[in-house]
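Thanks for coming, everyone. Please bring up the sequence and the structure, and we will walk through a few places together.

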Amino acid sequence: MCEIRILTGNYAVAEAVKQSNVDVIAAYPITPQTQIVEALTSMKEAGILKSRIIRVESERSAMAVCIGAAFTGCRVYTATSSQGLALMHELLYWAAASRLPIVMTNVNRALAPPWNIWVEHTDSLLERDVGWLQIYASSNQEVYDLIFQCFKLAELPTVQLPVMLCMDGFLISHTATPVELIDQRIIDEFLPDSPYTTSNYPFLDINKPLTYGNVISPVTNGKLYFKYRRLAHKAMLNSLSKFKIIQEEFGRLVGRTYGELLDSYKISDADIVLISMGTLFNQTINTVNVLRKEGYKVGAIRIRVFRPFPCKEIQRLCKYKQAVLVLDRNLAPGIGGILSWEIKSSLFELKTDVKIISAVAGLGGVEVTTNDITNFVKTAYNNIKNKKCRGIYWISP
Amino acid sequence: MNKILEICLDEFLLPGHAACAGCGAALALRHILKALGKNTIIIIPAGCSSIIQGVYPKTAFSNPVLNSAFDSAAAYCSGVIEGLKAKNKFKNINVVVWAGDGATFDIGLQALSGAAERNTDMIYFCDDNEAYMNTGIQSSSATPLGALTTTTPLIGKRERKKDIISIILAHEPTYLATAVSGYPVDLYNKVLKAKKYSGFRFIHILSPCPPGWRFDSKYTVTISKLAVDTGMWPLFEVVESKFNLTGPSLKLLNPKNRKNIETYLALQGRFSKLTKTEISIIQKFIDARWEQLKYLTNLKGRLFL
Ligand SMILES: Cc1ncc(C[n+]2csc(CCOP(=O)(O)OP(=O)(O)O)c2C)c(N)n1
Ligand SMILES: [Mg+2]
């Protein structure tokens with residue numbers, strides 16, 4: 001029997017972490033992630049969480065503790081947001097280049113200054129090239145389900161990479177919705193203990209005295225450094241097909257799926273496709289419904305896996321469309337929306353005529369309504385028809 | 001253990017390591033690892049010891065070594081310990097940090113303080129060569145007054161060395177000691193003693209550096225002994241909140257037994273720009289410090305506030 005509870009995204013995450021038999025947790029509080037840390041520590045004090053928890057003095061140390069613990073073959077978890085993620089930057093690279101299957105929740109939040117604790121995706125997108133997988137959720141249930149899938153994916157011997165599970169600050173983290181909890185027996189079947197616990201993987205062990213991470217000189221052994229970087233790239237690419245398989249297995253056991261690398265809505269006959277990440281997708285679905293009634297052939301796509309980027313899927317779905325409209329809840333000053341650039345480079349090699357248009361929307365947690373998106377689609381569509389070119393659209397109050 | 005001949009004969013820092021000739025750190029490390037033994041995992045942040053290990057795929061260590069980011073060795077160490085505990089593999093194992101002064105006094109101070117406050121079951125060794133040597137002798141907050149470095153190149157550093165010991169003591173470590181490689185028996189005994197305790201332990205080692213301090217490599221031991229004999233580097237330990245001078249420092253409470261600081265300074269090119277006044281300031285500072293050490297030696301109650 002499945003239990004349904006009304007949980008905020010943060011509490012759904014904490015429940016899933018509890019059910020994942022994590023060995024070591026180290027995290028530092030930051031709004032809007034704080035409740036995850038609070039929930040886990042109170043479970044620990046109440047004696048219902050087995051994991052060891054280390055209260056660290058910063059996010060850098062949180063990630064450093066995770067790295068150290070993962071080096072002993074443990075399953076480890078942390079959570080952060082915005083400034084905390086930025087503070088971790090160097091260590092994120094250490095974790096990924098050490099091929100450690102750490103799972104972290106990043107609750108997306110804008111970066112200061114000025115202080116802003118509300119949703120924006122710039123924080124995690126700034127870390128897009130450090131070698132972590134990035135998966136974006138759009139509901140509390142999905143976040144809960146993804147925690148198990150992320151551990152499983154991270155720990156696959158053909159992947160062995162850290163995974164960042166991103167969810168929108170407040171819109172998911174603090175919004176309570178019904179969440180169906182999975183029976184522990186099913187979790188244990190889906191997610192057995194970390195394979196690194198028992199097997200012969202080279203982790204820190206006094207009986208196998210190895211040195212990890214000493215200098216590789218380009219003169220003597222430069223090829224090896226190069227090789228390890230290439231292997232990390234290969235592992236990233238492996239994860240695409242592996243994630244599909246993991247989701248299928250999860251679907252069979254639990255009965256829930258969310259699309260694969262992408263989620264989509266009414267795109268098969270669409271001329272115009274709206275692409276977004278996180279909860280913005282829910283708004284784009286409303287827009288599609290409104291515009292379909294007015295005769296526009298619109299569909300929507302949600303990028304779930306941002307790293308590695310699902311180029312092939314984007315190509316397959318967007319090749320014959322008239323226009324791809326990208327909603328970017330992030331900004332790279334001097335470039336524009338980061339997601340739209342990823343889409344542009346994915347479609348470039350197809351040499352299609354599809355127009356790719358970017359709208360930067362909802363920075364700093366500014367609300368983006370169905371109306372805002374609907375108006376944007378209409379304006380952009382008219383401009384395309386009249387061959388009027390325009391740079392970035394800004395969806396702001 | 002009283003004699004050098006009783007020091008363990010096994011070598012854990014292997015021949016062929018990449019330290020400079022006369023490296024004080026390599027000498028200290030050799031004796032420390034002998035005292036720690038086989039069942040020891042070492043965390044090493046960026047610094048000379050990243051190089052001393054040798055170039056991948058070889059290593060000069062016969063213990064497991066985990067290289068860490070410059071600022072986070074103490075936190076890596078916490079993670080390794082918690083991981084081993086979670087796997088029931090922590091029994092009779094030492095997990096230690098071996099970090100430079102920059103990694104301890106400066107960039108890693110926060111992670112160090114965090115690990116100390118959590119009373120992490122570790123020994124933290126600070127290998128203090130009084131500058132960022134690996135990047136080419138830049139000044140750190142462990143660099144002493146007047147020393148020439150590549151970032152205090154003409155007149156020498158204007159600030160005093162940071163009093164890291166007081167900072168660590170404020171965390172109430174279960175064991176704290178100072179040592180030098182020139183007195184290996186004292187060093188070796190301190191490591192053996194530290195091993196007997198659990199919780200956070202800190203050992204601060206002065207490591208003379210021939211290129212960084214500008215002296216001929218044959219003087220490493222002489223200089224580290226002079227650091228002690230002049231009273232500049234007092235050897236002591238703090239065990240269960242009790243302060244004790246150790247080894248050759250025991251007799252230095254009497255100022256007459258302390259050699260003049262000039263004997264220590266004159267051997268090192270880094271102090272060549274010191275003026276007479278500055279030297280007397282340094283001497284006065286040492287004498288004042290020994291008054292404080294005398295007070296601590298005679299203290300009956302708890303050392304901590
Ligand atoms: C975050 C970061 N900043 C700077 C460096 C460059 N760096 C490497 S070692 C080092 C100095 C180390 O000094 P110390 O800790 O005293 O060790 P030593 O080299 O003297 O043994 C510096 C500045 C780095 N590796 N990482
Ligand atoms: Mg140094």
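Is His121(A) buried or exposed? His121(A) has a relative accessible area of 2%. Buried means under 20%, so His121(A) counts as buried. Keep in mind that this is a predicted model.

Where does His121(A) sit? In chain A, in the loop between strand 5 (103-108) and helix 5 (122-125). Now look at what touches His121(A). Leave out its neighbours within four places in sequence, and the contacts are Asn108(A), Tyr136(A), Asp168(A), Met277(A), Gly278(A), Arg329(A) and Asn330(A).

On to the sheets of chain A. One open sheet has seven strands, in the order 3-2-4-5-7-6-13. Its pairing is mixed. The edges are strand 3 (52-55) and strand 13 (305-307) of chain A, and each of them pairs on one side only. Neighbouring strands here are turned by 20° against each other on average, direction ignored.

Strand 13 of chain A pairs with strand 6 (residues 133-136) of chain A. The sense is antiparallel, over two bridges. Ile135(A) stands opposite Val305(A), which belongs to strand 13 of chain A.

Helix 1 (residues 9-19) of chain A lies across strand 2 (24-27), strand 4 (76-80), strand 5 and strand 7 (163-168) of chain A. Relative to strand 7 of chain A, helix 1 runs at about 155°.

Next sheet. How many strands form the open sheet ordered 10-12-11-14-15-16 in chain A? Six, and the pairing is mixed. Strand 10 (262-265) and strand 16 (393-395) of chain A are its edge strands, each pairing on one side only. From one strand to the next, the twist averages 25°.

Inside that sheet, find strand 14 (residues 323-328) and strand 15 (residues 355-361) of chain A. They run parallel and are joined by six bridges. Asp328(A) has Val360(A) in strand 15 of chain A as its bridge partner.

Here too a helix lies across the strands. Helix 10 (residues 280-293) of chain A lies across strand 10, strand 11 (272-276), strand 12 (298-303) and strand 14 of chain A. Its angle to strand 12 of chain A is about 170°.

One more residue in chain A. Asn375(A) is in helix 13 (residues 370-385) of chain A. At 43% relative accessibility, Asn375(A) counts as partly exposed. Leu291(A) is 84 residues away from Asn375(A) along the chain, yet their C-alpha atoms are separated by 9.9 Å.

Now a helix pair. Two packed helices are described by the angle between their axes and the distance between the axes. Helix 6 (residues 140-155) and helix 9 (residues 222-254) of chain A pack at about 130°, with axes 10 Å apart. That makes helix 6 of chain A oblique to helix 9 of chain A. Their crossing is right-handed.

Who meets whom? Helix 6 of chain A brings residues including Leu146(A), Phe148(A) and Leu153(A). Helix 9 of chain A brings residues including Phe243(A), Ile246(A) and Phe250(A). The residues of this contact divide into six nonpolar, three polar and four charged.

Last stop, chain B. How many of the ten residues in helix 9 (residues 220-229) of chain B are buried? Seven, so to speak a mostly covered helix. Among the buried ones are Ile223(B), Leu226(B) and Val228(B). What covers them includes helix 1 (24-36), strand 5 (175-180) and helix 10 (261-265) of chain B. After helix 9 of chain B comes Gly231(B), with a positive phi near 85°.

Notes:
Residues are numbered from 1 along each chain as its sequence is written. Chains are lettered from A and ligands numbered from 1 in the order in which they are written. This is a predicted model: local features need pLDDT of at least 70, side-chain atom pairs count only at pLDDT 80 or more; totals for chains, interfaces and linings use all residues. Side-chain values use heavy atoms; hydrogens and water are left out. Axes are lines fitted to C-alpha atoms, for helices over the stretch in contact, and angles run from 0 to 180 degrees between N-to-C directions. Helices (H or I, at least four residues) and strands (E, at least two) are DSSP runs, numbered from the N terminus. Angles under 35 degrees count as roughly parallel, over 145 as roughly antiparallel, 65 to 115 as roughly perpendicular and the rest as oblique. A crossing is left-handed if the near helix is turned anticlockwise from the far one by less than a right angle, and right-handed if clockwise. Contact means heavy atoms within 4.5 Å. Ala, Val, Leu, Ile, Met, Phe, Trp, Tyr, Cys and Pro count as nonpolar, Asp, Glu, Lys and Arg as charged, and the others, Gly among them, as polar. Buried means under 20% relative accessible area, exposed over 50%, partly exposed in between (1.4 Å probe, protein chains only). Two strands pair if DSSP finds at least two bridges between them.
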